[in-house]
Each structure stands twice: as structure tokens, then as C-alpha cells.
Amino acid sequence: MLTILMAGLLLIKAEQAYPEIETTVPVSAEVGTSIARSLFPVGVDLSKFKLFLTEPSLIFIDPQRLGMQVRLQAYDHRPAEGIAESEMGRALFSGQLGFDPNSRQILLHEPGIEKLEFDRETAASRLFYSALIGAWSEQVTDPMRFEIPPHPYVLPFKDNIRNLSYDGKSINIGIRYQ
């Protein structure tokens, strides 16, 4: 019993000696791009075709919105039906950054497509464009939810993230150690 009491007193003293520490870690567009690149390439299976996304680049659009620009390949390959179409292009997706402390997920409020352009103007690229816009409006939720990426820059403090903010110049990761 005396041992338990002593251990409890030591824990109380330890809490008093080591108070809660809060800090903010800024993330530049370059670092954000590096983190995003560790998660790419990404394949997206849409009902009528597939997307292959590469070359992500984090872009700070304005003080409220940030975006992710990607290179994309839209393709529809159904050999049994004699269909083999593919088009390349670029897209810029954007939104307002948030964080859900309960689920510990990154949020993207008011997600949108800022730009969607194909390298060539063809019947296939027009179909892909229309289908992608339709799939976005049918399948994308507000807010979009993402897991915290398992990147070496984030891993040391991943479990201590308490909030995320964006000020137009950097993403700010609020961290609290207890």
C-alpha cells in the first residue's frame, strides 16, 4: 500500500514538473508538396472510367483556400467492347482546411474543382470532363475527410496534433504534449 501511495505522489510531482507544452509547426507549400508526393500516385475508379493522378503540388490559392494540383490520366479500357481511350491533363482541387479532433482527421471544407483541363480537345476528353464533373458532384462530401499522412515530417508528433489552420502563407499544425 505504501508503494502505491509513493508511486501516486511521484506521478503528481512529475505532472507538476513537466507542464503541458504547446507549439505550432508551420508547413510551407514545398513541405506540403513533399508530404503529398509520398502518397502518390493515386488511382481513382469511377463508374465509367478510371483516373490515375500523379505529380501533386500544394498551392496556396488565397488566405482562405488551398489547393492540390495534379497531373491526371483519364482512361476507359474495355477491350471486350473495343474501347481503349486515354487522355492526359491537369486538375486543381481546392477547399478550406479544417481538423476534426474527435476523429483526428484532416477536413477540406467547401471542396471544389478550380481547374480541369485536358492536353487535347477530343471527343474522349470532353466525355471524361463531363463524367468527372458529374462524379465529383455525386460522390464528394462536404467536408472531405483525410487521414493524417504517415510521412516522416509528421510522424514524430502525429498523435499530439490538436488542430490545423491555414493563414494563406503556411499550414500551421497545433501540437500539444501532455
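## The nonpolar core

The largest nonpolar core has 37 residues. Leu51, Leu66, Ile171 and Ile173 are the members with the most contacts inside it. Helix α3 gives the most to this core, with five residues. The model described here is predicted.

Leu66 shows what such a position is packed against. Leaving aside residues up to four places away in sequence, Leu66 touches Leu58, Ile59, Phe60 and Ile61, among others. Its list of partners also includes Phe93, Ser94, Gly95, Leu97 and Leu108. Tyr166 and Ile171 are on that list too. Ile171 is itself one of the core residues with the most contacts.

## The chain as a whole

The chain has three helices and nine strands. From the N terminus on, their order is α-β-α-β-β-β-β-β-α-β-β-β. Of its 178 residues, 37% count as buried. The chain exposes about 11100 Å². Carbon and sulfur atoms supply 57% of that area.

How do contacts run along the sequence? Among contacts between residues at least 6 apart, 55% join residues at least 24 apart.

## Helix α3

Helix α3 covers residues 123-139, which makes 17 residues. From first C-alpha to last, α3 reaches 24 Å, close to the 24 Å expected at 1.5 Å a residue. Which residues of α3 are buried? They are Ala124, Ser125, Phe128, Leu132, Ala135 and Trp136. Seen down the axis of α3, these buried residues fall within an arc of 100°, so they line one face of the helix.

The face turned away from the buried side carries the exposed residues Leu127, Ser137 and Glu138. What covers the buried residues of α3? The cover includes strands β3 (50-60), β4 (66-78) and β5 (83-100). Strands β6 (105-118) and β7 (144-147) are also part of the cover.

## Two cis peptide bonds

A cis peptide bond joins Phe40 and Pro41, with omega at about 5°. Pro41 sits in the loop between α2 (29-37) and β2 (42-45).

Another cis peptide bond joins Asp142 and Pro143, and its omega is also about 5°. Pro143 is found in the loop between α3 and β7.

Glu55 is a residue other than glycine with a positive phi, near 50°. Glu55 lies in strand β3. Its relative accessible area is 45%, so Glu55 is partly exposed.

Arg104 is not a glycine either, yet its phi is positive at about 60°. Arg104 is placed in the loop between β5 and β6. Is Arg104 buried or partly exposed? At 24% relative accessibility, Arg104 counts as partly exposed, because buried means under 20%.

## Asn172 in strand β9

Asn172 lies in strand β9, residues 171-177. At 15% relative accessibility, Asn172 counts as buried. What does the side chain of Asn172 make a polar contact with? The partner is the side chain of Ser170, at 3.1 Å.

Not counting residues up to four places away in sequence, Asn172 touches Thr24, Val25 and Pro26, among others. Further contacts of Asn172 include Asn163, Leu164, Ser165 and Asp167.

Methods:
Residues are numbered from 1 along each chain as its sequence is written. This is a predicted model: local features need pLDDT of at least 70, side-chain atom pairs count only at pLDDT 80 or more; totals for chains, interfaces and linings use all residues. Side-chain values use heavy atoms; hydrogens and water are left out. Helices (H or I, at least four residues) and strands (E, at least two) are DSSP runs, numbered from the N terminus. The expected span of a helix is 1.5 Å times one less than its number of residues. Buried means under 20% relative accessible area, exposed over 50%, partly exposed in between (1.4 Å probe, protein chains only). The arc is that of the directions from the helix axis to the C-beta atoms. Contact means heavy atoms within 4.5 Å. A nonpolar core is a set of buried Ala, Val, Leu, Ile, Met, Phe, Trp, Tyr and Cys residues joined through side-chain atoms within 4.5 Å. Accessible areas come from the Shrake-Rupley method with a 1.4 Å probe; for residues, only the protein chains shown count as cover. A polar contact is a pair of N or O atoms within 3.5 Å; within protein, one must be able to donate a hydrogen and the other to accept it, and residues adjacent in sequence count only if both atoms are side-chain atoms.
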